Amino acid sequence: MQERRLLGRQDLEASPVVANCAMNRERDVTGTNGYGIELGVEPLEWLRQRLSRQRVVRWLDLCCGSGKALIQAAEYCESARDAVLASGVVQITGVDLVNMFLPNHSDSLRLIVSSVFDFTPGDRFDLITCVHGLHYLGDKLRAIALAGSWLEPDGMLIANLDVKNMRLGESQLGYQAFARALRAAGFQYDARRHRLQRFGHVDWEPPFHFVGADDTVGPNYTGQPVVESVYVKLCPI
Ligand SMILES: C[S@@+](CC[C@H](N)C(=O)[O-])C[C@H]1O[C@@H](n2cnc3c(N)ncnc32)[C@H](O)[C@@H]1O
């Protein structure tokens with residue numbers, strides 16, 4: 001059997017599967033091609049509810065693509081169309097590896113070119129989203145742990161995740177161990193909807209060591225070619 005070639009972070013981030021321009025980077029914030037449908041939570045409605053109890057709300061979107069959804073959200077929040085959203089301050093940050101951002105004219109939105117793994121936020125966030133971004137990351141568990149550590153104590157993280165895109169050594173069914181570990185750490189994982197959710201800040205050290213990523217595995221449930229992340233279990237000392 002031919003041994004497969006696993007990529008480290010640098011090679012993966014230059015891989016055509018990750019940096020290609022054909023993937024959908026143009027989702028809207030709401031509607032049929034929107035973040036709301038993909039996440040099962042409408043971000044604008046979530047921000048609105050949060051603003052009814054605090055004046056400033058921070059939203060971080062990892063792997064934000066062109067930033068289209070965020071630009072729409074920022075413009076909507078700044079417009080006077082919604083009295084609750086206009087009454088407070090919504091600060092939005094989008095992070096993506098590739099600079100394919102659409103023009104942004106909102107003071108309340110920052111679009112940052114960075115790998116998730118290099119991003120260093122100055123603040124914690126009330127809402128962290130990652131819409132079909134984890135599929136393209138190598139060390140998915142590290143990214144999830146980082147996002148958990150960037151949450152406010154009562155913040156919410158929600159992301160699309162398919163644990164079948166993570167492999168424990170060469171085991172075919174090893175992915176179940178990732179779902180168990182995430183749940184044990186207080187994340188909710190919905191395998192049917194491929195969604196990960198968490199309420200509240202966490203400092204979590206995943207009990208797996210990232211070995212490398214395979215960008216040759218083909219499509220996952222989204223129909224797009226994705227990246228499989230290979231781990232080994234860390235042995236307790
Ligand atoms: C399928 S697109 C989704 C974009 C956006 N969330 C949307 O739904 O419109 C996945 C995005 O992940 C980004 N990405 C891949 N690896 C990344 C990394 N290491 N750090 C940040 N962004 C990354 C890609 O550049 C791409 O824009």
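Mentor: Start with β9 and strand β10 (residues 228-233), which pair in the antiparallel sense over six bridges, and where A213 stands opposite S229 in β10. Keep in mind throughout that this is a predicted model.

Trainee: Which strands make up the open sheet that has β10 in it, and in what order?

Mentor: Three strands form that open sheet, in the order β6-β10-β9, and the pairing is mixed. At the edges stand β6 (166-168) and β9 (208-214), each with a single partner strand, so one side of each is left without a neighbour in the sheet. From one strand to the next, the twist averages 30°.

Trainee: Okay, and what about the open sheet with seven strands, what's the order there?

Mentor: The order is β3-β2-β1-β4-β5-β8-β7, again an open sheet with mixed pairing. Its edge strands are β3 (109-113) and β7 (188-190), each of which pairs on one side only, and the twist from one strand to the next averages 15°.

Trainee: How many bridges join β1 to β2?

Mentor: Seven bridges join β1 to β2, and the two strands run parallel; for instance, the bridge partner of V57 in β2 is V90.

Trainee: Is β4 buried or exposed?

Mentor: Strand β4 (residues 125-130) has six of its six residues buried, so it is largely enclosed by the rest of the structure. β2 is mostly covered too, with six of its eight residues buried.

Trainee: Switching to helices, how much of α5 is buried?

Mentor: Helix α5 (residues 68-78) is mostly covered, as eight of its 11 residues are buried. Those buried residues are K68, A69, L70, I71, Q72, A73, A74 and C77.

Trainee: What do the buried residues of α5 pack against?

Mentor: They pack against both helices and strands: α3 (35-39), α4 (43-51) and α6 (83-87), together with β1 (56-62), β2 (89-96) and β3.

Trainee: I also clicked on R180, so where does that sit, and is it buried or exposed?

Mentor: R180 lies in helix α8 (residues 175-184). R180 counts as exposed because 12 other C-beta atoms lie within 10 Å, and the cut-off for exposed is 12 or fewer. To get a sense of distance, R180 and F117 are 63 residues apart in sequence and 24 Å apart in space, C-alpha to C-alpha.

Trainee: Last topic, the chain as a whole: how many helices and strands does it have?

Mentor: The chain has eight helices and 10 strands. Its radius of gyration is 18 Å, close to the 18 Å that the globule rule gives for 237 residues, so the chain is as compact as a globular protein of that length. Taken along the principal axes, the C-alpha atoms fill a box of roughly 60 × 40 × 30 Å.

Trainee: What share of the residues is buried?

Mentor: Of the 237 residues of the chain, 40% count as buried. On the matter of contacts, if you take those with a separation of 6 or more, residues 24 or more positions apart account for 69% of them.

Methods. Residues are numbered from 1 along each chain as its sequence is written. This is a predicted model: local features need pLDDT of at least 70, side-chain atom pairs count only at pLDDT 80 or more; totals for chains, interfaces and linings use all residues. Two strands pair if DSSP finds at least two bridges between them. Helices (H or I, at least four residues) and strands (E, at least two) are DSSP runs, numbered from the N terminus. Axes are lines fitted to C-alpha atoms, for helices over the stretch in contact, and angles run from 0 to 180 degrees between N-to-C directions. A residue is buried if 20 or more other C-beta atoms lie within 10 Å of its own, exposed if 12 or fewer, and partly exposed in between; C-beta atoms are placed from the backbone. Two residues are in contact if their C-beta atoms, placed from the backbone, lie within 7 Å. The radius of gyration is taken over C-alpha atoms; the globule rule is 2.2 Å times the number of residues to the power 0.38.
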